[in-house]
Amino acid sequence: MKRNAPLDPSTLAAQGLGWEDAETGAVIRPVHVATTYARDENYALPDDRTYIRDASPALDQAESMIATLENAAEAMVFSSGLAACMAPFQALRPGDRVVAQSGIYFGVPTWLDEFGDAHGLDRVMVPAGDEEALLAAVRAAPTALVWIENPSNPMLDVADIRAIADATHDSGGLLCVDSTTATPVHSRHLDLGADIVAHSATKYLNGHSDVLCGALAVREPGDLWERIRRHRYLTGPQPGGFDLFLLVRGMRTLFVRVERQSANAQKIAEFLEDHPKVPRVNYPGLPGHPRHTLAKAQMQNGFGGLLSFHVDGGEAAALQVAKNVQLIKRATSLGGVETLIEHRYTVEPEGTTTPPDLLRLSMGIEDAGDLISDLSQALDRL
Ligand SMILES: *Cc1c(COP(=O)(O)O)cnc(C)c1O
């Protein structure tokens with residue numbers, strides 16, 4: 001074996017970075033649930049840990065794995081994806097200008113709408129998919145933070161990370177990319193120019209629809225990153241030890257799961273594209289996607305497990321297809337090993353830009369033939 005060859009991220013993930021339990025040699029580290037750490041008789045801390053909100057061995061392996069997979073200097077885990085996504089905004093200073101996309105995962109624009117004023121944030125919202133408008137907004141005034149999703153959920157718009165990063169840096173700010181749908185299997189957004197990557201680890205990183213978790217990873221820690229860390233310490237959105245144990249276990253199989261989910265998504269996208277009742281499929285792996293070439297340059301190992309498609313006949317027809325499926329589950333969320341279908345328009349807040357004829361699919365790891373049969377009978381019964 002070439003001892004000094006850099007190991008592939010899939011190798012590092014499978015072995016949990018090779019960490020063992022120092023006390024027993026166990027290849028799986030124990031579930032750490034302690035909230036507090038004993039001092040010695042001189043009132044010194046043997047391991048520099050005082051209290052769980054500050055530092056816990058339960059955080060270490062998950063954060064080291066995420067930092068390694070994202071090629072980041074550091075990572076922080078949070079008790080949900082939204083806790084992670086909102087932390088950079090909450091760590092800004094009053095008067096800071098932010099440019100963010102609308103038409104992405106609804107939580108971020110909704111928080112900015114309802115709480116942005118209370119935090120004194122000067123914000124500009126630009127529809128995902130309109131990159132000219134985004135670049136113009138970033139260039140219009142000094143901007144502290146730019147927030148985008150790539151590819152976006154649920155429309156699968158693809159953003160040019162290098163171009164947006166350059167504009168953001170010229171404007172004096174940091175680019176945050178929600179990489180939940182891409183995962184580090186497909187894109188390392190920090191290598192492409194982003195400053196901070198966010199994840200709903202509830203989705204692909206954990207991958208089994210049984211943990212609520214989030215993460216941030218940073219290319220180069222600076223003032224904002226330290227404020228985010230301080231904010232997390234003072235507000236306490238850290239996951240507990242059991243959830244972190246499950247997250248680490250989930251991440252060990254990240255690559256095989258996501259590669260299978262992406263392969264399934266590609267096959268299902270191609271099937272849907274040829275279906276007479278489907279006028280349009282949104283998936284960056286299709287040559288007909290408006291930014292397929294860019295997606296190819298920014299992604300490897302496939303194009304992700306998320307796709308969406310429009311159904312002839314509008315909202316009623318889309319809901320009928322969701323009703324007709326027999327194997328695929330009707331449920332929100334994404335990234336689990338079971339395939340889910342969702343009518344986002346029904347669940348999003350009033351005024352959503354998500355089209356009513358749209359269905360979103362989060363591909364699981366089932367047999368692609370079984371999934372195609374299910375969608376085929378659901379569409380044919382329209
Ligand atoms: C689900 C999701 C979130 C929110 O994450 P939670 O873990 O549910 O809090 C944020 N961004 C994207 C892209 C998501 O899909």
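A cavity here is a set of grid points, taken over the protein atoms alone, where a 1.4 Å probe fits but cannot get out. In this predicted model, there is one cavity of 30 Å³ or more. The largest cavity holds about 30 Å³ of space.

Its lining is made up of Pro151, Leu156, Thr181, Phe303, Gly304, Gly305 and Leu306. By class, these lining residues are four nonpolar and three polar, with no charged residue. Domain 1 (9-251) and domain 2 (255-380) each contribute to the lining of the largest cavity, so this cavity lies between the two domains.

The ligand comes next. Its shell consists of 15 residues, and the closest are Gly81, Asp178, Ser200, Thr202 and Lys203. Sorted by class, the shell has six nonpolar, six polar and three charged residues. Helix H3 (residues 81-90) gives the most to this shell, supplying three residues.

At Gly81, a polar backbone atom is 2.8 Å from an oxygen atom of the ligand. Lys203 uses its side chain instead: an N or O atom there is 2.8 Å from an oxygen atom of the ligand. At Asp178, a polar side-chain atom lies 2.7 Å from a nitrogen atom of the ligand. Taken alone, the ligand exposes 380 Å², and the protein buries 93% of that area.

Conventions: Residues numbered from 1 in each chain as written. Predicted model: local features only at pLDDT ≥ 70, side-chain atom pairs only at ≥ 80, totals over all residues. Heavy atoms only, no water. Near = heavy atom within 4 Å. Polar contact = N/O pair within 3.5 Å; in protein donor to acceptor, adjacent residues only side chain to side chain. Areas by Shrake-Rupley, 256 points an atom, 1.4 Å probe, with all protein chains shown as cover. Helix = DSSP H or I, 4+ residues; strand = E, 2+ residues; numbered from the N terminus. Nonpolar A, V, L, I, M, F, W, Y, C, P; charged D, E, K, R; others polar. 1 Å grid on protein atoms, 1.4 Å probe; cavity = no way out; pocket = protein on both sides within 12 Å on 5 of 7 lines; lining within 4 Å. Points joined across faces, edges and corners; volume = space filled by probe spheres on them. Domains from an automatic or database assignment.
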